[in-house]
Every structure is written in structure tokens, then in C-alpha cells.
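Hi everyone, thanks for coming. Please have the sequence and the structure open while I talk, and stop me whenever you like.

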Amino acid sequence: MKLAMIGFGQAGGKIVDRFLEYDDRTNSGIVRAAIAVNSAKADLIGLDNIPQENRVLIGQARVKGHGVGADNELGAEVAEEDIDEVQNAIDQIPTHEVDAFLIVAGMGGGTGSGGAPVLAKHLKRIYTIPVYGLGVLPGTDEGGIYTLNAARSFQTFVREVDNLLVFDNDSWRQTGESMEGGYDQINEEIVRRFGILFGAGEVGDGEDVAESVVDSSEIINTLSGGGVSTVGYASEEVELNTSGGLLSRFTGDDGGDDGLDAANTTNRITSLVRKAALGRLTLPCEIEGTERALLVLSGPSEYLNRKGIERGRKWLEEETGSMEVRGGDFPREEPEVSAAILLSGVTNVPRIKRLQQVAIEAQDNIEDIQQESEENLEELVEDDEDELEPLF
Ligand SMILES: Nc1nc2c(ncn2[C@@H]2O[C@H](COP(=O)(O)OP(=O)(O)OP(=O)(O)O)[C@@H](O)[C@H]2O)c(=O)[nH]1
Ligand SMILES: [Mg+2]
């Protein structure tokens, strides 16, 4: 499906920037337009792929391009004050060609955390197409203010969007690696998972269009009804053979008449589906109790058989207890077969329960935290005296 992506704050901007690169590399055609919004000028300048005219600096009058220093109330205020500037950028994109908006933001900082829900509310009022969020939760070691920001923003964001897709940095931290270095890998994981999912509804004309291909309406229906979503993923390599067909390195198949053994293909698909659902999710949770799910099997069409997808789908119905599990394929000439599973409306999420607890407890020591964030802001404005190249 075609998305208008808006990255809010630093994490959001970097991830949308990365989606553009993924789109180019894989020809997936999911990013119809990309916009970055930030209160920090340096973060906007640091982006690689988002067009200059789609980079919107907000809050200039208040924070002079220095960011809001993890104060998400200030983030929300500057977003409200400058919403027209964001809308001006959106006015330049062909929204009639877009299936949905996707607002991407880190929930732990100030700009994205405060601003993303404000933008979601604004877009919902103006447009009829769905507005989805992709919210990134901070690592638990980032400190109290980040956790508190996430706890508060999460509640607002999930209420304002049609569905909130979540990625939890905390469960993706690489041991022994700095978070900054780790972000590169994490962002790659984010774009791969969500890219395959949204890309499934975007099979081009010349491509192999089977009956069971997933289309955008199935993605939209799975996301409709709201709540929080998480994505599971697993893949297996397959080898290209010299005659242009493909051979599996698992089956050892010699490429007889139809190339592959159907029973073997079915078994491989069902085990991939299990791996995807029971392995690490973008937001770890119990899959039982999920309201709706979508299974996307992608890879060369000779590896995708309907029986395998059907079995995987049934298995997901049993595991989740959901009566609404969709499934289909996404033919792609890549040397791998992958299963991506969207679990929408998940109910049993330990991380979110903890965040809600934090939000409640924080009412008690709110003043300390406000103090901390004011100091952060002062520091930021003080040490950034050297002028940056003007961007606008
Ligand atoms: N996955 C991922 N998470 C990131 C990245 N950069 C930052 N984060 C996370 O996002 C949170 C918010 O950070 P930023 O996006 O820098 O904050 P901001 O929205 O720019 O807000 P301010 O800097 O306070 O104005 C952090 O606490 C991190 O958890 C990134 O590149 N990838
Ligand atoms: Mg920032």
C-alpha cells in the first residue's frame, strides 16, 4: 500500500529516511511521500534522503532550532502552534494517491513524543484515510524522563491514531553495543519488517499476481478497530539456480517438473510461520488474545503454496484465539522466503502494563521530573552557540 510517512523528532526522521532508502533498494513502492518534522535544526540537516522542501522546522520562536530537550509538553505545544507549517508540507504531496498516513516517532524524547499525537489528531480531522502511528519505545536504561515521556505519550498516541504499531527498543538492544551504534541495526530491522508488511499490498502490474496475493484492503481491515500492533518475522534463504528457476537448499530438490516438492514447501511454510509468531516481536507480548492478524508469506512464487499459507493461518487462529486471521502471499524475486505476521489489537503486553504503572506513579514526583527537563533545555540552548548553515 502507498503511505505518506511523517517522521516526527529525531528517531522518527531517521526511520522515515531509512524507509526511503529501503524503498529505493527494493522497489517496494510504499513511500509515496516522506516528510520530517523536528524542533532541532541539526537533526533535519543530518537526514540523507528526505527532500529538503519536506523538512519542517517547528518551534523556532520558542526553542530557536535547538530541540525541546525531552520536554514533551513543550513538544506538544510547539506542534500545536506550528501545525500550519506541517500542513503546508502535506499540502504539497498527492494525498489522493495515498492509502494511509504513517506517523513515526520515538516516544521517549520531547519533539516526537509530544508532537506525534498532536499531528495524528489534526490529520484525523481533515482526512478520511487512516492515520497510523509507528511508535518507538525507549530502552529502560535511558532514564526516568524517557520512560515517563513514553508512558504519557503512548496513551495519547494510541487514542488519536487508527492503529499504533509499536517497536520496543528495549527488547532489541544488542548486548555490549552502544545504543547509538545499535540504532543502525535496529532501524534496519524496523524498515524490513514494516516494509514487507506494507509492501505486500503493492504488487506491481507486471508481477506475478496470484489469487491469494494480499492487497491493501486486507492490511487496512486488519488494522481497523484500533489498539496496539506488533509484528513477527522470520526468513529462510533459498538459492537461485542457473536456469533462472530456483532451487531450495533445504529440499535438495533437483528441479524436476514443477521444481519443488509441494509437501516439503508446505512444511517449510508452516515452520516459518511458527518461528515468526513465537520469535522476537517488535513489541513482545502474549499472542493469545490478539484481536486480528495478517500473515504475509513473501518470496519467489514457486515457494509459496496455498496449502502452506492456509495451514499457517489456521495455526495462527488457534494460537491467538482470533476469528479474524487473514493470510496471503507477496511474490518477490528475492533469494529468500519470509513470513511477516501482523498481530493487531494485542491485549497481553507486559511492557505496556509497566508503562501504565509508571504513568500512575509519576503523578507523585512530577515536580522533580519537570525540574530535570528544564535543566536539560537550558543546557541545550547554552552549549549550542555555533551557528549552523541555514536550512530554509
Ligand atoms: N529505533 C530508534 N530509536 C531511536 C533512534 N534515535 C532515538 N531513538 C529513541 O527515541 C527516543 C526519542 O529520541 P529522539 O527522537 O531523539 O527525541 P526527539 O523527538 O527528537 O525530541 P527532543 O530531542 O527531546 O527534542 C529515544 O529515547 C530513543 O529511545 C533511532 O535512530 N532509532
Ligand atoms: Mg531530538
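**Salt bridges, a sheet and a helix**

Let's begin with a pair of side chains: Glu317 and Arg313 meet in a salt bridge, with 3.0 Å from N to O. Keep in mind that this is a predicted model. In general, side chains of opposite charge can pair when their charged atoms come close.

Where do Glu317 and Arg313 sit relative to each other in helix α11? They are four residues apart there, so about one helical turn separates them. Is Arg313 buried or exposed? Arg313 is buried, because its relative accessible area is 15% and the cut-off for buried is under 20%. Glu317, at 23%, is partly exposed.

Glu310 has a relative accessible area of 32%, so we call it partly exposed. Now look for Thr266: in sequence Glu310 and Thr266 are 44 residues apart, yet their C-alpha atoms are 9.3 Å apart in space.

What does α11 lie across? It lies across three strands, β10 (292-299), β11 and β12 (336-344), and runs at about 150 degrees to β11.

Ten strands form an open sheet with mixed pairing, and the order is β3-β2-β1-β4-β5-β6-β7-β12-β10-β11. At the edges you find β3 (55-57) and β11 (324-331); each has a single partner strand, so one side of each has no neighbour in the sheet. On average, neighbouring strands are turned by 20 degrees against each other, ignoring direction.

Let's zoom in on one pairing. Strand β1 (residues 3-8) runs parallel to strand β2 (residues 31-38), and six bridges join them. If you want one to find on screen, Ala4 has Ala33 in β2 as its bridge partner.

Back to charges. How many salt bridges does a search of the whole structure find? It finds 24. One of them joins Glu324 to Arg326, where the closest N and O atoms are 3.1 Å apart. Glu324 is partly exposed, at 32% relative accessible area. Elsewhere, salt bridges with shared partners link Arg18, Glu21, Arg25, Asp184 and Glu188 into one network.

Glu21 is partly exposed at 31%, and Arg25 is partly exposed at 47%.

That's my tour, so over to you for questions!

Note on methods
Residues are numbered from 1 along each chain as its sequence is written. Chains are lettered from A and ligands numbered from 1 in the order in which they are written. This is a predicted model: local features need pLDDT of at least 70, side-chain atom pairs count only at pLDDT 80 or more; totals for chains, interfaces and linings use all residues. Side-chain values use heavy atoms; hydrogens and water are left out. Buried means under 20% relative accessible area, exposed over 50%, partly exposed in between (1.4 Å probe, protein chains only). Two strands pair if DSSP finds at least two bridges between them. Helices (H or I, at least four residues) and strands (E, at least two) are DSSP runs, numbered from the N terminus. Axes are lines fitted to C-alpha atoms, for helices over the stretch in contact, and angles run from 0 to 180 degrees between N-to-C directions. Contact means heavy atoms within 4.5 Å. A salt bridge is a side-chain nitrogen of Lys or Arg within 4 Å of a carboxyl oxygen of Asp or Glu.
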